[in-house]
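Here are some quick notes to read with the model open beside you. Take the points in order and find each residue as you go.

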Amino acid sequence: MYRDNHQDITRILVTPGRRYGNAVSRNRIKRIGREIFRLHKMQIVPGYDIACVFYPGSYTYDDRVNQMTELLSKSKLMRT
């Protein structure tokens with residue numbers, strides 16, 4: 001989900017879905033989501049607030065990167 005924030009920056013909220021395991025796994029997925037954003041923020045169109053909800057599953061880091069970049073591309077928030 002994303003919304004225009006009328007600013008020159010893009011902000012992100014990363015949260016695990018309900019029943020995402022214990023605190024360690026919830027904190028890890030938050031760190032992963034923020035790191036993906038940090039590495040790709042220069043390719044993201046500025047001026048939006050983005051909320052990312054990660055659901056449990058047997059996904060690798062690369063799977064999560066692909067999921068996030070694909071969703072941002074479909075939302076037309078990634079620069080080409």
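1. Start with what sits over helix 2: the cover on its buried residues includes strand 2 (11-16), helix 1 (23-40) and strand 3 (48-54). Covering here goes by contact, meaning heavy atoms within 4.5 Å, and helices (H or I, at least four residues) and strands (E, at least two) are DSSP runs, numbered from the N terminus.

2. A word on the source: this is a predicted model, where local features need pLDDT of at least 70, side-chain atom pairs count only at pLDDT 80 or more, and totals for chains, interfaces and linings use all residues. Residues are numbered from 1 along each chain as its sequence is written, and side-chain values use heavy atoms, with hydrogens and water left out.

3. Which residues of helix 2 are buried? They are R64, V65, M68, T69 and L72, where buried means under 20% relative accessible area and exposed over 50% (1.4 Å probe, protein chains only). Looking down the axis of helix 2, you'll find these buried residues within an arc of 120 degrees, so they line one face of the helix; the arc uses directions from the helix axis to the C-beta atoms.

4. Just past the end of helix 2, look at K76, which has a positive phi of about 60 degrees.

5. Last, the helix pair: helix 1 passes helix 2 in a right-handed crossing (the near helix is turned clockwise from the far one by less than a right angle). On the helix 2 side, the contact is made by Y61, R64, V65, M68 and T69, while helix 1 brings residues including I29, G33 and F37.
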